[in-house]
Amino acid sequence: MTDDYLVRIGKLIRDARQHRGWTQAQLAEALGTSQSAVNRIERGNQNISLEMIARIGEALDSEIVSLGYAGPMHLRVVGGRRLSGSIDVKTSKNACVALLCASLLNQGRTVLRRVARIEEVYRLLEVLNSIGVRTRWINNGTDLEIVPPAELNMDAIDAEAAVRTRSIIMFFGPLLHRMDHFKLPYAGGCDLGTRTIEPHMIALRRFGLDITATEGQYHAVVDRSVRPDRPIVLTERGDTVTENALLAAARHDGVTVIRNASSNYMVQDLCFFLEALGVRIEGIGTTTLTVHGVPVIDTDVDYSPSEDPVEAMSLLAAAVVTESELTVRRVPIEFLEIELAVLEEMGLDHDRSAEYVADNGRTRLVDLTVRPSKLEAPIDKIHPMPFPGLNIDNVPFFAAIAASAQGKTLIHDWVYDNRAIYLTDLNRLGGRLQLLDPHRVLVEGPTRWRAAEMMCPPALRPAVVVLLAMMAAEGTSVLRNVYVINRGYEDLATRLNSIGAQIEIFRDI
């Protein structure tokens, strides 16, 4: 690059940094470089690669230079390295997206602390911004402020962003209180096979919401005369359907009883947030929720979502697969007790600290230290169950763990149609996984992992499992097009590097 271009790019970077409210030191920390290097870049006194420009743009959430289609992000992994030290668990991705949807209930200002800066959140923010909601990152980009308009402009909705996240279906519950009819694009997200929204429709019909699907859109009409006059019994104990029912009940002027409700971590966080909005909820943590709705919610609220048990499981699995000693801090233990019991049965050597309370004042946390262990395959199969059973999203991590154990492990992922199939991608890295049917896979270990270059599976958790196996494999692996990982994890490669991994982010320019 010429000196003139370097100066112009440096000014763009400086302006983007100042708009974000960051110091040069904060940008340097995000990039893993020095403040003096950032200073030289901003003054145009240092050569800068296109890859570095892309990394700066991601750190500042700003397109520094438009190059047309920048191409997907890839990861280059130098495996066979031991992890060490400690790492904090980030806030829950699933809780954050539910709280973003719940902010539509509030006519006042909502501040969410330490929101996960992930693609799923960015897509929802794009949708919220497009319909008139004002959002901005505050406190050096760690917290999120949300201010709704008096009237939402649903005709201007960003359909491209909406179809890239399944979380858009949780707009139904809040929106039915704000307008008599509206349209939403079809829900997207991970490719996990057919997932019907019929349970959502059944629950929300009790609040007068009628939904028809045509031409790539959901058409919703609200009948204000319909009220839930008896308990709502959910036909499946799903997380998002429970959240949608809660969001509908929160502003229903009366008492709503929801039975067969999920009591999972993101549902509990949503309940705590709704309580901060003035909604009284009985039975939090159980399968029967009694919601005392408030017809008008207009309050300034400040809430801290709790830590993510699935990310905690990811980090524990990283330590197991790489045979490392690692301390994972701020683990929401209530939502990992079954997983830890299974790992103890397999022979995991670990310690846990005394419990302490999360920033939301309710969720119990511990610090877990995992050490290299000689694992044996569990006697029983690994299968998910609604909370307090083994978490559905934690099942894939047991594929990598079982591949590190002696013996054969049966994994039965009965919830999703395709996810067990994606786990067989581990065979490209030396795994011995036999697909018995679309839901069951037999894993034989121990595994001598080997490096490979491959495309990222189109489902979040199997994609991370492949990345963990690459970290354990001697040599250099490449994982291509990792957008799906960025949907659910904030700066995962950088954070893994901070505890000893060697992962390089790159793009095809």
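Mentor: What follows takes a few labels in turn and sets each against its cut-off, bearing in mind that this is a predicted model.

Trainee: How do you know that Cys 96 and Cys 101 are in no disulfide?

Mentor: A disulfide needs two cysteine sulfur atoms within 2.5 Å. The sulfur of Cys 96 is 11 Å from the closest cysteine sulfur, which belongs to Cys 101, and that is too far for a bond.

Trainee: What makes Cys 96 and Cys 101 buried?

Mentor: The label applies under 20% relative accessible area. Cys 96 has 2% and is therefore buried, and Cys 101, at 0%, is buried as well.

Trainee: Why is the contact of Glu 120 with Arg 487 called a salt bridge?

Mentor: The cut-off is 4 Å between a side-chain nitrogen of Lys or Arg and a carboxyl oxygen of Asp or Glu. In the pair Glu 120 and Arg 487 the closest N and O atoms are 2.6 Å apart, and the pair forms a salt bridge. Glu 120 lies in helix 6 and Arg 487 in helix 17, so the pair ties together parts that are 367 residues apart in sequence. Glu 120 counts as buried at 2% relative accessibility, as does Arg 487 at 6%.

Trainee: Which arginines form salt bridges with Asp 393?

Mentor: Asp 393 forms one with Arg 419, where the closest N and O atoms are 3.3 Å apart, and another with Arg 461, where the distance is 3.9 Å; with the cut-off at 4 Å, both therefore qualify. Arg 461 lies in helix 16, and Asp 393 in the loop between strand 17 and helix 14, so this pair ties together parts that are 68 residues apart in sequence. Asp 393 is buried with a relative accessible area of 15%, Arg 419 with 1% and Arg 461 with 4%.

Trainee: What makes strand 9 and strand 11 edge strands?

Mentor: The open sheet of four strands has the order 9-10-12-11, with mixed pairing, and strand 9 and strand 11 each pair on one side only. Strand 9 pairs with strand 10 in the parallel sense over two bridges, and at least two bridges are required for a pairing. Ile 232 has Ile 258, in strand 10, as its bridge partner.

Notes: Residues numbered from 1 in each chain as written. Predicted model: local features only at pLDDT ≥ 70, side-chain atom pairs only at ≥ 80, totals over all residues. Heavy atoms only, no water. Buried < 20%, exposed > 50% of the residue type's maximum accessible area, 1.4 Å probe, protein only.
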